[in-house]
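These entries record what I looked up in the structure shown below.

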Amino acid sequence: MSVLNIYGTGGFGRQILPAASNLLVSQLTSARPDFNHLSFIDDAPGAPAFYGIRCVTFDNVPAGELYVIAVSDGVVREKLAEKCDSAGLIPYTFSAKTALISNHISLNEGCIFCDFAIVEPGVAIGKHFHCNIYSYVAHDCTIGDYVTFAPRVSCNGNVHIGDFVYIGSGAVIRQGTAQKPLKIGEGAVVGMGAVVTKDVPAGAVVAGNPAKIIT
């Protein structure tokens, strides 16, 4: 029996379970008929099954199985990805059946696109990106590694987002231009419902409409 493992049993892990189940029935098994089971990975020994899906500790996952990381903190996600890669697990990128992801993008490993996510042509996306429900990435954007979009993030065209950025639910990012893209620096946090109209420095926390630096 071969397995797609969801690393993380918190809210996001449970949220993506229906999409992962549909994936297993459709695109995953058609590409890899030997994959026929889902598991959660939890670092706490003896974690119970969730919704009938077994939960295993990391040490019990054999090399060669697929994994996605359902942890919203990008720094933690990087550490878990390095741990999984070192153990011989294989990062998997999956899109929910209702996600609309252009074929004309550059996409790295381990990304998760939830239901009704949209990614337009000309986008470059780094490793282990989370694009939550109803979020979109418009044309000609660049998304770094371990970036997290909470639900309903609106990222308009010609925006450059650095590694480890977290963008909260309902945030709107103004469109840049090809000559002057709007930039959100590495490790920045954009608060829930913020309207970003200008560049955000690396490591800053911004909130409000228009978004202003709060820390």
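**Entry 1: Pro 210.** I located Pro 210 in the loop between strand E23 (205-207) and strand E24 (212-213). Helices (H or I, at least four residues) and strands (E, at least two) are DSSP runs, numbered from the N terminus. I then looked up the peptide bond that joins Asn 209 and Pro 210, and I found it to be cis, with omega about 0 degrees.

**Entry 2: basis of the values.** I note that this is a predicted model, in which local features need pLDDT of at least 70, side-chain atom pairs count only at pLDDT 80 or more, and totals for chains, interfaces and linings use all residues. Residues are numbered from 1 along each chain as its sequence is written, and side-chain values use heavy atoms, with hydrogens and water left out.

**Entry 3: positive phi.** Most residues other than glycine have a negative phi, and most peptide bonds are trans. I looked up His 128, which is not a glycine and yet has a positive phi of about 55 degrees. His 128 sits in the loop between E11 and strand E12 (130-131). With a relative accessible area of 1%, His 128 is buried. Here buried means under 20% relative accessible area, exposed over 50%, and partly exposed in between (1.4 Å probe, protein chains only).

I also looked up Asn 158, a non-glycine residue with a positive phi of about 55 degrees. Asn 158 belongs to the loop between E16 and strand E17 (159-161). Its relative accessible area of 11% makes Asn 158 buried.

**Entry 4: Pro 62.** I found Pro 62 in the loop between strand E3 (55-56) and strand E4 (66-69). Pro 62 is partly exposed, at a relative accessible area of 42%. I looked up the C-alpha separation of Pro 62 and Ala 87, which is 8.1 Å for residues 25 apart along the chain.

**Entry 5: sheet of 5 strands.** I traced an open sheet of 5 strands with parallel pairing, in the order E8-E11-E14-E17-E20. Two strands pair if DSSP finds at least two bridges between them. Strand E8 (106-107) and strand E20 (182-184) are at the edges with a single partner strand each, so one side of each has no neighbour in the sheet. Within this sheet I looked up strand E11 (residues 124-125), which 2 bridges join to the parallel strand E14 (residues 142-143). Ala 124 is opposite Thr 142 in E14.

**Entry 6: sheet of 6 strands.** I traced a further open sheet, of 6 strands in the order E7-E10-E13-E16-E19-E22, with parallel pairing. Its edge strands are E7 (100-101) and E22 (195-196), each pairing on one side only. Strand E13 (residues 136-137) runs parallel to strand E16 (residues 154-155), and 2 bridges join them. Tyr 136 is opposite Ser 154 in E16.

**Entry 7: whole chain.** I found 3 helices and 24 strands in the protein chain. The radius of gyration, 17 Å, is close to the 17 Å given by the globule rule for 215 residues, so the chain is as compact as a globular protein of that length. The radius is taken over C-alpha atoms, and the rule is 2.2 Å times the number of residues to the power 0.38. The C-alpha trace spans about 50 × 35 × 30 Å along its principal axes. Buried residues account for 47% of the 215 residues.
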